Structure formats: C-alpha cells, structure tokens
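Hello,

Here is the structure I promised to pass on to you. Have a look through it first, and then read my notes below.

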Amino acid sequence: MCGIVGYIGTKKACPILLVGLSRLEYRGYDSAGISTIEKDGLSLVKDKGRVKVLESNQEIEKLDGTIGIAHTRWATHGKPSKENSHPHQDNSKTFSVVHNGIIENYHELRNMLEQNGYNFLSQTDTEVIPNLIHYYFTKNQDSSVHGFLQAVRDCCLSLKGSFALEIISKLFPENMIVVRKDSPLVIGTCEDEKYISSDIPAILSYTRDFYLLNDLEFALLKNTEAKFYDTDLNEIDKRTSSIEWTATASEKNGYDDFMLKEIYEQPTAIRETLGAKISLNSKCNFDELKFTKEYLSNIEKIYIIACGTAMHAGLAGKNVIEKLCRIPVEVDIASEFRYRDPIINEKTLSIFISQSGETADTIAALKLAKASGSKTLAISNVIGSSITREADYSIYTHAGPEIAVASTKAYTSQVVLLNMLAVYFSEILENQPLDVINKIKQEMLDLPKKITKTFKCKNEIKAFAKKIYQEKDVFFLGRGIDETVAKEGSLKLKEISYIHSESYAAGELKHGSIALIENGVTVISVLMDKALIEKSISNIQEVISRGAKTLVVTSHDCDENMFDKVIKVPDTITYLSPIIAIIPLQLLAYYISKEKGLDVDKPRNLAKSVTVE
Ligand code: M6R
C-alpha cells in the first residue's frame, strides 16, 4: 500500500513526480506529497486528499529541482492529514524521506529519539526514519556521501518491519538513496536519468530497463550513475532487466475505466499466458521448471497459498491438479497458513500465487514453506517481483499490467496457468491418456475466442445491474468448481459496489444461511459443472420458493422460465469453466458500481498491492 516515486535527472522533477503519483494512486489515495532539492534546501509540499489536490497547490509551481521524491498514501498509522502525509523530514530538515511499508518497532525508536531531543510532528511510524538517519549521520561524524549511505544503512538495520524508502538530503544535492525490505521498489534507468517507483507501469513511458533491488540492498543514485551496496556497504554488481510491457498497456486507451479495459483484455491475456507452451503435438513446455517424474511421484501434498482473488484462482487450480495428478492439494489463505503451524516437509510442494508478487502475507508464507524444506513455486504477473525472487521456481501469467484494484485478467490468467501446470505435471507423471490431455489443451487454445463470445452478454448484464444496484445483500451459489466462481463473483461485487454479499456452497445453504433469504433477495448461481447441475437447480428452487430473485450463469440448457434471468455462456470443460463463468460476474460488479456512480478503479479502503500484513 502507498505508492512512492522518485526522479533524478536533468529535467524538472515535479511534473514527472506528479504523473508518477497519479499512476500509482491505485495503491493509496488519502494524501500525497513531494519533496525536491532546491537551491535553498529541501522543499516540502504535501496535503490530505488525492494527487489532484497536490497538483492544485500553489507551492508546487515554485519547484524547480531536478531531484525529488513523492508519495501517495494509504493510511496505516495516523489518520489522513497534512501532518501524517509523506514526505517526512528530520527536525533539522536535512533529510526528506518517503516510505511504503510498516515500521513495527517505531514506538521504541521514537522513545529513544525523544530521549535524544528529537520532536515528532505526526502520528506516523515513518517519521522515525528521517530522524534516525539524522541521529546516525551526526553520531558517525562522516559528512561525506559515504557517511550519508552509512547513516541510512544504520537506520535500516534498526528498523523492524517492511519498508521501501527514497531519501534525499540538502547536503548531497546530486544524490538519492533508495532501499527496500519486503516492500516493492524498482529503479528505471536511462543515460542521464533515474526513475524510481513502487511498480513498473508507473514509469514505463520513460524506460524499459530496470534495476531490481533485493531486500536490504542500497542504491546510491546520481542522474548518470547507479551504485549498489550490501549491508556491509560492499559494492555489488547489478545488471538491468528489460521489461516487455509497453507504455500503452498502462493507459486506459479509450475505456472509461481500467477495470473495463482489463476485462476486455482477457482473450489477449490468456493467449499470451498460453504462449508457445501448449500445443497438441508436443508436451507442455515449462523450460524454467525442472520437475522430474521421481520428484513428482514422491510428493505427498501440494499447498496453494495466496490472498483474495489469487486464492480463488488457487481453488480452481486445486480441482484440475487433483483430478489429473492425483496429488492432494490444500488451498490456504496466506495470512492463515503462516500462523497455523502447517505440516510442511520435503515431500510438499508449495505454490504461491500473486498478481503483484508483493503481497506481504504471501511472501512471508513462502519464506516459511521454504525454511521448512518444501520446494517453492511462484506464480506472478510481474517479472522480478519479490515472490519470484524468493521462490525456487517461478512461472508467469502474461496478463500485462493490471491497474484496477479489482483483479480480473490476472485471475483468469492464473486459472489457465494452473491448468497448464496440471497438464505439465501429468505429462511428466505419464498418468493420463493422450486424448484426455489433448482435450484440455484444445479447450485452453479455444478460450480466447470463447471469452470474446461471452462478452455478448454485456447488455443483458447491464440491464440486470440497473435492476439490482440498490440492493443491500446479494447471495452467490455454486457447487464444486462453480462455488469457487461464486466466491470470486461475490468478492468482485462487494469490493467495487459496496453491496454486502456472501457466497455459499449451494448444498450448504439449508444448514443455516437460508434463514437470510426473504422476498426479493437476489441470488446469483453458477451452473457450469454438468455433473452437478440437477443438484444445484434443486438448491435454487429452495431459494425461489422463499421469494428470491434469481440470476443464473450457465453454459447448459435449462428451463429458463424457472429463473428471473439466465445468462448463457459458451461451454468448456469443467476445469476451465471459471474463466468463462466469471466474465458476466465481473461485468455485473462493474456495471453496478457505475450505476452507483462509484470510483470503479479505486474502491474505498482498498489498495492494489497489500504490502502490509
Ligand atoms: O497481488 P496479489 O495477487 O497477491 O493480490 C492478492 C489480493 O490482494 C487481490 O487479489 C485482491 O483480492 C483483489 N483486489 C481482488 O480483486
């Protein structure tokens, strides 16, 4: 949460920082601020509210500096206010700092600094950082740029928690120091400019060459130079990585909202994720994975660990992996997995799914699994993201940048990638007939065109959204794999429309929750699994007879008169059905949110990347 951006180059920093902040606003948007190095010292302009408020601040126009740092906030410590906004400075206004993450021991550090005469102006955890840097800088008595670096290093070694930091000082008008630990940060580089950001898309229009920092690596930047150091301040060699994404992939390109654009990008995202890995004539090709028949045959359990939508993709993946590979799969929420003392050993394979690759709980769960002897496999949409750097193996969805807070194309790409993985494992295990495997492959290859056909339901969905947008509660039902779609549909609805919604295994409803069904309540059911359709219809009858309004998403023929609305979608195999069935539910959430006049891409209280635990 929180977005940070930095610039060090030959142009005025402020306009570049403002553009960067507006692109990072999805990470937090309750306050924003900038600090640049000016002729007479460090500037500081910040305020409560969105980046637009900062842009309209008259002080902004006075900023001429070519080095600057900026921040858009998602409040953790202290309410949104000018004082709590970043950047923060030390008492002598020598250092300006922006921070993304949480400092867990800030109370103790604040007490120590107060005892040493430092005052605090905000309620944030971050304000200890510039003061601590000042404390060490003065204590170490080295006023060279190496002394600056050393003070930042000493400060960072005192911090517990997570942080991505950009630091500038009026004493070093040509430099910026950046460092990260368990929070994302990338450094884009051109000949005489450096761009720093919490994510790649925000600075893609300037460069495609990036330095990726590991935990506690320090970058000492000048416009023409980037030097990297470990915690002993030994210089380390670092190469750039080139990113394939284009700058236009991070623009709305004529769509009203990123979410709608990303929904419509799903055929391309699936096609790119399939890439050249799937073909009917050869085995599924994951060169980057080195799994052997012996290893896979000895696996006793697979864990799939993730949060939110990525976890829902994991539930769909469990279905296909268990059916094809006959290995038990347990899916867990990362924040729960970590604290329940899970049984992990070298006979467990742990798969971690994260669009951003920066979700704090997923990273922590990965570290736990690795330390317990499990092999770890990361699935991410962001090349070089933290989970991919921690894991033994990494594979990627190629969905392109996902900007809207509500995940859409990342989810469907994750489901298809898990299907590909299941096929890959099964081919190594040699445990499924060729026609079974070829059928799945053919259905995967057909997905882009089937998703495009599914978009035809748009107007029906829009009309249904108009009917129900003022509802207070909506229920989602499904059985088997359809329940996983119900869960995802329900999450989409609540996060962007603020309508309370629950999802249930259809057969479970009568064990208590059916008490909530009353006249006029909307119940949305997913009926894709042919084997379970009769049973699910019986459950829908139970809610209809208690007065529910019903919407059904199905690829099968059914008595349409029975329901208030039936959305017919193309048929596919059960394993892949979540990819088709979720499309109408994504569109429904989108149009309800629009109908209510809400900010679809930046729903309240949420941030795209949850980098705090
Ligand atoms: O970046 P990640 O995939 O790790 O993010 C996990 C969740 O925070 C994310 O899927 C969240 O649930 C989405 N906003 C849902 O649309």
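Please keep in mind that the model is predicted.

To stay with the second largest pocket for a moment, about 400 Å³ of space lies in it. Its lining is made up of 20 residues, and those nearest the centre are W245, E272, H398, A399 and G400. Helix α7 (residues 266–274) gives the most to this lining, with three residues. Sorted by class, the lining of the second largest pocket has 10 nonpolar, six polar and four charged residues.

Where does the largest pocket lie? Domain 2 (252–432) and domain 3 (456–595) both give residues to the lining of the largest pocket, so it lies between these two domains. The space in the largest pocket is about 490 Å³. There are 25 residues in its lining, with C307, G308, T309, K608 and V610 nearest the centre. Four elements each supply at least two residues of this lining: α9 (308–325), β19 (348–354), α13 (409–429) and α16 (481–497). As for class, 11 of the lining residues of the largest pocket are nonpolar, 10 are polar and four are charged.

**An open sheet**

Next, a sheet that you can trace strand by strand. Seven strands build an open sheet with antiparallel pairing, and their order is β6-β7-β8-β9-β13-β14-β15. Which strands stand at the edges? They are β6 (88–89) and β15 (235–236); each has a single partner strand, so one side of each is left without a neighbour in the sheet. As a reminder, the strands of a sheet pair through backbone hydrogen bonds, in either a parallel or an antiparallel way.

The peptide bond that joins H86 and P87 is cis, with omega about -5°. P87 sits in the loop between β5 (67–73) and β6.

**Two residues with positive phi**

N253 is not a glycine, yet its phi is positive, at about 45°. You will find N253 in the loop between β16 (241–242) and α6 (258–264). Its relative accessibility is 47%, so N253 counts as partly exposed.

Y498 is the other residue to look up: its phi is near 60°, again a positive value in a residue other than glycine. Y498 lies in the loop between α16 and β23 (500–505). Since its relative accessible area is 25%, Y498 is partly exposed.

**A buried threonine**

Finally, is T522 buried or exposed? T522 is buried, because its relative accessible area is 0% and buried means under 20%. T522 belongs to strand β24 (residues 522–527). Which residues does T522 contact, leaving aside its neighbours within four places in sequence? The contacts of T522 are F464, I468, E471, D473, V474, F475 and K549.

Happy exploring, and do write back with any questions.

Best wishes

Notes
Residues are numbered from 1 along each chain as its sequence is written. This is a predicted model: local features need pLDDT of at least 70, side-chain atom pairs count only at pLDDT 80 or more; totals for chains, interfaces and linings use all residues. Side-chain values use heavy atoms; hydrogens and water are left out. On a 1 Å grid over the protein atoms alone, a cavity is a set of points where a 1.4 Å probe fits but cannot get out, and a pocket is an open set with protein on both sides within 12 Å along at least five of seven lines; lining residues have an atom within 4 Å of a point. Grid points are joined across faces, edges and corners, and a volume is the space filled by probe spheres set on the points. Ala, Val, Leu, Ile, Met, Phe, Trp, Tyr, Cys and Pro count as nonpolar, Asp, Glu, Lys and Arg as charged, and the others, Gly among them, as polar. Domain bounds come from an automatic or database domain assignment. Buried means under 20% relative accessible area, exposed over 50%, partly exposed in between (1.4 Å probe, protein chains only). Contact means heavy atoms within 4.5 Å. Two strands pair if DSSP finds at least two bridges between them.
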